[in-house]
Amino acid sequence: MNKRKIYIGIMKGAMYFCTSLTALLVLFLFGYVLIKGIPNITWELLSTKPSYLAGRIGILPDILNTIYIVIATLIVVLPLGVGAAVYLNEYALNKKVVELIEYAAETLSGIPSIIYGLVGMLLFSNNFGTSILAGALTLVIMNLPTVMRTTQESLKTVPQSYREGAFGLGAGKWRVIRTVVLPGCLDGVITGCILSIGRIIGESAALLFTAGFAHAINDFFTGLTSPGATLTVALYVYAKEEGEFAVAFAIAAILMILTLLINLSTTMVGKYFAKRRNI
Amino acid sequence: MSNIITSKDLCLWYGDNQALKNITVDIPEKSITALIGPSGCGKSTFLKTLNRMNDLIPIVRIEGEVCYENKNIYDKDIDINELRREVGMVFQKPNPFPMSIYDNVAYGPRTHGITNKAKLDEIVEKALRDAAIWDEVKDRLRKSALGLSGGQQQRLCIARALAVEPKVVLMDEPTSALDPISTSRIEDLIMQLKEKYTIIIVTHNMQQAVRISDYTAFFLLGDLIEFGETDKMFSNPKDKRTEDYITGRFG
Ligand SMILES: Nc1ncnc2c1ncn2[C@@H]1O[C@H](COP(=O)(O)OP(=O)(O)OP(=O)(O)O)[C@@H](O)[C@H]1O
Ligand SMILES: [Mg+2]
């Protein structure tokens, strides 16, 4: 009896220790980056481009590039991923092939991103030059499995009875998909979208090869065809090549806050749709 | 009275498993036909062959004929969407779409090309009145249909089916998920509907079959054992197995 109590006590203690260590590590990392980064976030940093003449560093181009690359990637990856998911879930009859594709998609999402970078460089940068476009297309390949799988999972949660009800009223296949199935899986599409944005913002290896390091300010369309660094790539460059740790930590703090917001919005989307489902 | 649906030597397989065996039956127009029989005997399967809902299941294979208004609905040149408009369906579990009450009822008419707002309003109101739910929902047409009670949802689904002006309405145990009060409201409704529609209803409830139906078909293990006027079948069954079933000796 006593032995048992001691044993339980020790195990409990060990668990508390592990939990608090994990929590402390996260808090420390967060605190460290924010404390070192936030004081360096100035309006000048956010609103200018770097100039050697003025001896000034600005990350506006990097912010713009990040936005461009997110938009360009999503424009391509969303229709592709959602389309593929709808085909696999609603049309494909050969379940073996569907399973094979799902397996391939799962494997694809586990490959280190630098390999995507290498392939993207050969496929896209060699054709479109080192550019935001080449980077975005590389990210499309990287995120396609994510978008496809989250959409698919969410398609599977659309009750079969909705489809039956719609078919029973004489709706054709495409009308059923457009009016009943797709609205029902909107949460999956949005989740896939947010996860992709998170991955795009956090990606560096694949972009080093394909989108380059430039810090010029462009509009969306010229931006697509010119090289450009995203925030994450800029962080790497400033820290590693230029030793500008103040700037690097400022960017790090911004990225951290963005990640936090992205996680929050995923949770909120989940909650919102869960609520809408059980009115 | 003429027959609106007739099936001849209808056989159906799920893969290698035969679920319907040579079903031959004539269903009279503007009447209520009840399909009864123990679980797994093929009632739902038979019902779904009548508007080709079995097409949604890839492993299904069908032989024989089902004629709707003297035309075989398994012919190649049949417009399945038009068939399902004329032969509508209400399911066991109420399945309103996650949209407003109005949009649920308007879904069918919109599917078949009606876009005029005034016309849609008129159809929606008429269908909801026919389904005896208008008074309960007229002030909340734009609210989600999922907020209705189970019985209201089922009447909404009936309204949704009526909104495309079908001639036949197939119902698969429409009251089995409902409380007694909702059930009796829906039974009253079904009896009113037979003035305009032909109703074929699956039920596990013998009293219900007796209360509402004009004809009854008794299925057992994929065979149609007996078909006839409900009063006669329940007072004087021809087949021993029918007698055993309706007197509650099995099933
Ligand atoms: N989708 C399906 N795939 C394979 N077999 C099926 C399928 N649906 C039904 N069956 C089989 O066909 C037979 C008839 O089933 P059906 O659902 O028509 O019975 P039922 O009379 O409606 O039963 P219940 O009263 O329980 O609803 C059963 O043996 C069942 O297992
Ligand atoms: Mg059934």
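This is a predicted model: local features need pLDDT of at least 70, side-chain atom pairs count only at pLDDT 80 or more; totals for chains, interfaces and linings use all residues.
1. The shell around ligand 1. The residues concerned are B:Tyr14, B:Ala19, B:Ser39, B:Gly40, B:Cys41, B:Gly42, B:Lys43, B:Ser44, B:Thr45, B:Ile57, B:Glu173 and B:His204.

2. Polar atoms facing ligand 1. A polar side-chain atom of B:Thr45 is 2.4 Å from an oxygen atom of ligand 1. For B:Gly40, a polar backbone atom lies 2.8 Å from an oxygen atom of the ligand. For B:His204, an N or O atom in the side chain lies 3.0 Å from an oxygen atom of ligand 1. On its own, ligand 1 has 630 Å² of accessible area, and the protein covers 64% of this.

3. B:Thr216. This residue belongs to strand β9 of chain B, residues 215–220. Is B:Thr216 buried or exposed? Its relative accessibility is 0%, and B:Thr216 is therefore counted as buried. The side chain of B:Thr216 has a polar contact of 3.5 Å with the side chain of B:Ser213. If residues up to four places away in sequence are not counted, B:Thr216 touches B:Ala34, B:Ile36, B:Glu226, B:Phe227, B:Gly228, B:Thr230, B:Met233 and B:Phe234.

4. B:Asp130. Helix α4 of chain B covers residues 117–130 and includes B:Asp130. The side chains of B:Asp130 and B:Lys196 are joined by a polar contact of 3.3 Å. Apart from neighbours within four places in sequence, B:Asp130 is in contact with B:Leu162, B:Leu189, B:Leu193, B:Lys196 and B:Tyr197.

5. B:Asn22 is not a glycine, yet its phi is positive, at about 45 degrees. B:Asn22 is located in strand β2, residues 17–28 of chain B. Its relative accessibility is 48%, so B:Asn22 counts as partly exposed. B:Glu165, also a residue other than glycine, has a positive phi near 50 degrees. B:Glu165 is placed in the loop between α6 (150–162) and β7 (168–172) of chain B. How does B:Glu165 stand with regard to accessibility, buried or exposed? Because its relative accessible area is 61%, B:Glu165 is exposed.

6. Chain A as a whole. The secondary structure of chain A consists of 13 helices and zero strands. Its C-alpha atoms fill a box of roughly 70 × 70 × 35 Å along the principal axes. Chain A has 279 residues, and buried residues make up 41% of them. Among contacts in chain A with a separation of 6 or more, 76% are between residues 24 or more positions apart. The accessible surface of this chain is about 15100 Å², and carbon and sulfur atoms account for 72% of it.

7. Helices α3 and α12 of chain A. Two packed helices are described by the angle between their axes and the distance between the axes. At what angle do the axes of α3(A) and α12(A) cross? The axes of α3 (residues 60–91) and α12 (residues 231–241) cross at roughly 145 degrees and come within 8 Å. On the side of α3(A), the residues that meet the other helix are A:Asp62, A:Ile63 and A:Thr66, while α12(A) contributes A:Leu231, A:Ala234 and A:Tyr238. By type, the residues of this contact are four nonpolar, one polar and one charged.

8. Helix α7 of chain A. This helix comprises residues 160–168, and its buried residues are A:Tyr162, A:Arg163, A:Gly165, A:Ala166, A:Phe167 and A:Gly168. After α7(A) comes A:Gly170, with a positive phi near 90 degrees.

9. A:Leu207. Helix α10 of chain A, residues 205–210, contains A:Leu207. A:Leu207 counts as buried because its relative accessibility is 0%. Which residues is A:Leu207 in contact with, leaving aside neighbours within four places in sequence? They are A:Ile69, A:Gly135, A:Leu139, A:Gly212, A:Thr230 and A:Val233. From C-alpha to C-alpha, A:Leu207 and A:Lys95 are 36 Å apart in space, and in sequence they are 112 residues apart.

Notes
Residues are numbered from 1 along each chain as its sequence is written. Chains are lettered from A and ligands numbered from 1 in the order in which they are written. Side-chain values use heavy atoms; hydrogens and water are left out. Helices (H or I, at least four residues) and strands (E, at least two) are DSSP runs, numbered from the N terminus. Buried means under 20% relative accessible area, exposed over 50%, partly exposed in between (1.4 Å probe, protein chains only). A polar contact is a pair of N or O atoms within 3.5 Å; within protein, one must be able to donate a hydrogen and the other to accept it, and residues adjacent in sequence count only if both atoms are side-chain atoms. Contact means heavy atoms within 4.5 Å. Axes are lines fitted to C-alpha atoms, for helices over the stretch in contact, and angles run from 0 to 180 degrees between N-to-C directions. Ala, Val, Leu, Ile, Met, Phe, Trp, Tyr, Cys and Pro count as nonpolar, Asp, Glu, Lys and Arg as charged, and the others, Gly among them, as polar. A residue is near a molecule or strand if one of its heavy atoms lies within 4 Å of it. Accessible areas come from the Shrake-Rupley method with a 1.4 Å probe; for residues, only the protein chains shown count as cover.
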